[in-house]
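Subject: Structure for your review

Dear colleague,

I am handing over the structure below, and my notes on what was found in it follow directly after. Please read them with the structure open beside you.

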Amino acid sequence: MKISVSWLRRYVEITEDPRDLANDLTMFGLNVEGVHALAPEFRGVVFGKVLEVKRHPKADRLTMCTVDVGGARPLNVVCGASNVRAGLGIPVALDGAVLAGGAKIKRSKIRGEVSEGMICSEIELGVGDDAAGIMELDFEEKPGTSLDGKLGETSYVFDVEVTPNRPDLLSHVGIAREVAALYRRELRLPELFPLEAGDAFNVTIENGRDCPRYAAVLVDDVVVGPSPPWMQRLLTSVGMRPINNIVDATNFVLMELGQPLHAFDHDRLSKDAIVVRRAKEGETITTLDGTLRELEPGILVIADGERPVAIAGVMGGMDAEVSEATTRILIESAMFDPKLVRRARQRFKLDTEASYRFEREGDVGIMLEAASRAARLIADMRAGSPLARCTDAIHEARSLEPRSIRLRTAQVNRLMGTALDAADVAALLDRLGLPSRPTGEGLEVSVPTVRRDLREEIDLVEEAARVYGYEKIGLDEATHSSMFASASASERRSTGITSYLVSRGFAEVITSSFMDPGDLERMGWDASDERSRPLRVANPLTENQSTLRTSLLPGLLGVVKRNAPSECEEIRIFELGKIFIPAAAGSGLPREEHHLAGLVARSAAPLQWLEKERRADFFDMKGELESLLEQLGFSSGLTMSASRERSGRIFRWHAGSVRIAEGGVVAEGTLERFDVDSPIFFFDLNLDAVPVESMGWPRFSPVSPYPAVKRDLCIVVSEKVAYTEVRGVIMRNAKFLDSIRLFDYYRGGHLGEGKRSYTFRLNFRSADGTLDGVAVDREVQRILGALQRELQATLRTE
Amino acid sequence: MNERPEPSRVSEIGEQAARAFAEAGDLEALDRERVRFLGRKGEITVLLRSIGTLAPEERPRFGDLVNELKARIEELFESRRLALVAETAEADLYAGDPTLPGRRLTAGGHHVLHRTAAEIKEIFFGMGYSLAEGPDVELDYYNFEALNFPPDHPSRDLQDTFYINQDILLRTHTSPVQVRYMEKHAPPLRIIAPGRVYRNESPDPSHSAEFLQIEGLYVDRAVSLGDLKSDVLFFIRAFFGPTAKVRFRPHFFPFTEPSAEFDMSCFACRGAGCAVCGKTGWIEIMGAGMVHPHVFRYAGYDPDAYTGFAFGMGIDRIAMLKYGIDDIRRLLSNDLRFLRQFWTERKADVLR
């Protein structure tokens with residue numbers, strides 16, 4: 001909200017520099033987010049000296065002046081002011097000058113006489129309110145000296161952040177009240193028009209809960225015209241557009257006291273009545289913005305004897321709008337149920353200054369004051385004659401009484417970390433206009449209607465704390481109890497595996513939790529796959545962010561596309577994040593799973609002089625996945641299954657019946673649909689399938705002091721026999737096998753159709769002594785015998 | 001052949017060998033010279049054989065001379081051989097040019113947001129905070145109601161929300177973890193809860209529909225605003241450097257009271273006022289406050305028995321401030337050229 005410092009000065013003395021004031025208010029709890037300096041805006045105006053004044057030959061009220069503006073010859077200027085006289089120092093707008101409000105000055109003829117500029121009044125320059133005559137400068141300058149930026153005072157406007165709990169700060173008087181409390185100064189409230197509460201006008205309130213209070217003031221002899229310049233200037237400075245004296249008066253009160261008012265053209269209200277009621281089915285209203293709106297019973301309206309004339313607290317209707325022809329007005333000053341105003345505002349998407357305040361539940365005690373303040377302004381402007389007798393319908397008289405709250409001194413000290421006594425606390429609250437009396441445990445505080453946000457003890461603690469000053473609150477470290485902590489096991493595990501991948505050249509990425517529903521088709525997942533049924537967002541930003549991801553893979557494919565081959569030759573990326581699988585019944589929270597997914601693509605390693613360039617392949621991915629699984633405790637015991645699916649050649653790793661990971665080659669079609677250039681090899685690990693609690697610590701086992709004996713074996717088998725089977729047979733039939741490593745693989749060629757060979761390096765070792773050649777030979781023979789028996793394998797000899 | 005051996009001849013051969021070894025450019029040439037002097041038919045052997053031509057009383061002295069010579073030549077040979085071996089090995093090691101680039105793996109690195117989160121977590125772990133977690137898809141109850149945001153209240157407008165349905169939404173902050181954690185644990189407790197949060201806002205340089213936040217909560221019998229200030233101050237100085245100036249001012253959040261915001265002196269202008277800080281000299285770092293009694297009641301704690309503080313900050317914002325990143329949208333852009341910038345350290349710290 002915009003707050004003008006000059007406006008504030010009407011209610012409280014301010015001697016501080018505006019920037020200091022802004023800082024002090026911020027530290028007091030009213031965040032001033034911006035300070036704007038507004039200098040009077042005119043340009044092309046110079047100091048002039050009136051040399052001679054003559055009568056205008058054709059107009060009695062005009063004079064012809066000769067003015068020295070420093071040029072070769074004086075200018076001839078026609079002037080209408082009565083205070084112009086020879087010898088006066090005056091501001092002269094030259095040909096081409098621009099005045100406050102944007103008026104351009106041009107050389108022209110006035111009633112037949114040439115005028116080469118204009119002698120300006122305060123109002124024309126926007127530096128004061130005097131419109132009666134030209135501005136008489138009380139200083140001397142060389143004629144012709146520019147006065148741009150030298151006349152008038154710079155005014156300051158603050159952008160303040162008013163939080164939803166403080167509707168009382170949505171006005172200049174409200175903020176002046178804070179300034180007064182902050183600097184311990186007196187608050188001067190604006191002048192009111194004396195009113196007599198009665199029933200001058202027929203107001204019917206259908207339901208007191210919808211409208212706790214409704215005051216109405218009548219104004220006769222209305223003359224609609226422009227409002228005075230000072231009012232226009234203040235309204236403009238806080239971003240409001242001046243309209244006419246009546247509307248401006250109500251807007252002025254809105255910005256002054258925070259109470260939204262509405263002026264109806266009284267003579268256009270049918271049957272001389274105001275009814276506050278719910279709209280009826282089928283009723284409509286054309287609001288002041290010119291839109292025809294259909295109403296419904298959930299909407300609170302102000303109606304006359306026949307039809308709605310305003311949406312309560314949101315916007316008035318055109319039917320009873322104040323116009324040039326208006327002669328009698330009714331000023332409404334009311335309070336409505338904030339929830340109803342909120343509903344209407346949301347329903348019609350109509351954010352107005354009024355709805356903003358009504359939603360925040362203003363001060364129920366201020367209705368009459370606000371109406372009377374508007375009456376005062378209208379009377380002072382001679383825009384009409386307010387009637388003293390008015391209407392003030394109050395649903396519950398009790399609602400105007402102050403609220404009483406008990407405050408325990410001990411609680412204040414406990415929360416603030418201070419050692420104040422009851423009198424100290426009372427003094428702090430008193431500055432905010434919250435009187436109190438001592439009780440056994442502390443204070444009984446009386447809260448006026450303007451601070452209805454203060455409901456309970458804790459609210460008063462906050463008030464006491466901010467008046468005391470947050471900056472003064474000490475650093476009381478002694479009260480800290482000893483608590484110790486460290487990273488949790490799952491945090492350590494996540495850090496461990498992501499650091500492993502990082503050290504292996506993977507870039508960590510973070511992709512959106514949102515998924516494009518179109519990605520389901522692009523991925524090519526089966527309809528039966530649970531990933532094909534994502535959770536939908538009811539109000540998404542865009543359709544392609546309308547579901548929550550069921551897999552990290554679409555996001556990772558997006559990253560590959562995002563990083564063109566020209567920018568990034570090797571792609572090794574991973575993400576550790578959550579996926580969302582809707583709850584089975586379709587209600588309740590979804591299952592959130594932590595996954596670690598990654599992929600490799602394009603070059604396997606950086607292009608460099610020592611290495612041949614190599615494209616990433618399936619085994620690059622598989623190697624990393626195997627290492628990750630090993631780190632998660634699966635050095636063995638996983639089964640791998642393969643399947644050919646629309647989304648690609650997919651392999652899955654299970655521990656028993658639990659799927660731990662999947663990985664494979666993304667289908668050609670999927671790559672095309674994602675517009676990705678190169679083959680992609682991915683893995684996707686469900687971390688939640690391996691609970692941290694299930695993981696044990698490594699256990700020590702003795703290291704054999706005896707040397708290993710190395711043997712290389714080249715085994716030929718049918719290509720129907722998988723590597724893991726060969727390896728399994730070897731492992732099962734060896735007694736002293738210490739390690740096994742495949743270091744060559746060959747198929748077809750001279751081996752013949754349907755054959756392949758595996759070359760292993762086997763290390764044998766005993767914990768009990770050095771193995772001799774005979775023992776190792778026996779071991780190898782046993783292995784070969786088993787391979788021959790179980791897999792029809794043969795030993796390959798060159 | 002039966003020349004009479006002279007002592008002068010002995011020193012002559014010594015000099016010849018020294019010259020020959022020094023001139024041998026490689027191990028092969030050196031070996032040829034070794035054979036010439038130390039071989040079975042080499043100079044030393046010849047000298048030893050000629051000993052017979054001497055008078056018997058001269059023989060022992062001459063023999064000693066030749067043996068000395070032999071030892072010297074062997075020594076010369078060995079030192080030259082070692083020098084040549086080293087030279088050859090070095091040439092192999094460097095491929096002749098030690099300035100050639102070394103063999104490299106692809107570079108990898110953590111995402112800047114997780115790097116930032118890790119730095120933050122580490123500081124809080126040291127302060128005795130442990131880690132808690134909550135779901136991204138959350139019940140309205142935990143996200144708003146139990147945090148004292150009444151239904152249909154303007155305070156809900158502070159956070160634009162993505163809804164799944166009437167009761168389920170994408171959490172708008174990490175604060176729901178507070179009530180979830182308190183429901184399951186008795187005080188005293190001290191946790192941080194990092195996680196992803198969502199706001200239904202059109203993205204611009206300082207707004208993103210999803211970002212990371214970190215929540216802190218400390219509840220015990222007599223936790224005060226002073227404790228809050230001390231913990232947050234310690235964190236900010238640990239994270240941004242010991243000279244960071246911090247301002248602590250009143251604010252409003254529905255779920256804390258008294259509420260506060262912490263500002264840090266602007267790193268760009270050092271408090272003078274610039275475009276980065278909106279000319280105020282201060283940058284908002286986090287929201288905080290004392291846990292509201294209503295929140296305690298929702299969690300089943302007695303507000304007269306316990307007090308506590310909570311704080312929350314945007315990890316994206318903190319990362320932007322610390323690393324000088326100009327647009328929040330870059331953080332989820334996954335442009336590797338951007339991400340790589342945060343994989344290595346800088347030598348000089350700009351934050352002083």
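This is a predicted model: local features need pLDDT of at least 70, side-chain atom pairs count only at pLDDT 80 or more; totals for chains, interfaces and linings use all residues.

The C-alpha trace of chain B spans about 125 × 45 × 45 Å along its principal axes, and 43% of the 352 residues count as buried. Of the contacts in chain B with a separation of 6 or more, 68% are between residues 24 or more positions apart.

Within chain B, strand S9 (residues 307-314) deserves a look: eight of its eight residues are buried, so the strand is largely enclosed by the rest of the structure. In a regular strand the side chains alternate between the two faces of the sheet. In S9(B), B:Thr307, B:Phe309, B:Phe311 and B:Met313 point one way, while B:Gly308, B:Ala310, B:Gly312 and B:Gly314 point the other way, and all are buried. Which strands does S9(B) pair with? Strand S5 (residues 210-220) of chain B runs antiparallel to S9(B) and is joined to it by eight bridges, with B:Ala310 as the bridge partner of B:Leu217. Strand S8 (residues 282-291) of chain B is likewise antiparallel to S9(B), through four bridges, and there B:Ala288 has B:Phe311 as its bridge partner.

Turning to chain A, five strands form an open sheet with antiparallel pairing, in the order S5-S4-S3-S6-S9. Strand S5 (75-79) and strand S9 (117-119) of chain A are the edge strands, each pairing on one side only, and neighbouring strands of this sheet are turned by 45 degrees against each other on average, direction ignored. Inside the sheet, six bridges join strand S3 (residues 43-55) of chain A to strand S4 (residues 63-68) of chain A, and A:Val50 has A:Val67 in S4(A) as its bridge partner.

Also in chain A, helix H11 (residues 422-430) and helix H12 (residues 457-468) pack at an angle of about 85 degrees, with their axes 9 Å apart; the two are therefore roughly perpendicular to each other. A:Val425, A:Leu428 and A:Leu429 in H11(A) meet A:Leu460, A:Glu463, A:Ala464, A:Val467 and A:Tyr468 in H12(A), and the residues of this contact divide into seven nonpolar, no polar and one charged.

With best regards

Note on methods: Residues are numbered from 1 along each chain as its sequence is written. Chains are lettered from A and ligands numbered from 1 in the order in which they are written. Two strands pair if DSSP finds at least two bridges between them. Axes are lines fitted to C-alpha atoms, for helices over the stretch in contact, and angles run from 0 to 180 degrees between N-to-C directions. Angles under 35 degrees count as roughly parallel, over 145 as roughly antiparallel, 65 to 115 as roughly perpendicular and the rest as oblique. Two residues are in contact if their C-beta atoms, placed from the backbone, lie within 7 Å. Ala, Val, Leu, Ile, Met, Phe, Trp, Tyr, Cys and Pro count as nonpolar, Asp, Glu, Lys and Arg as charged, and the others, Gly among them, as polar. A residue is buried if 20 or more other C-beta atoms lie within 10 Å of its own, exposed if 12 or fewer, and partly exposed in between; C-beta atoms are placed from the backbone.
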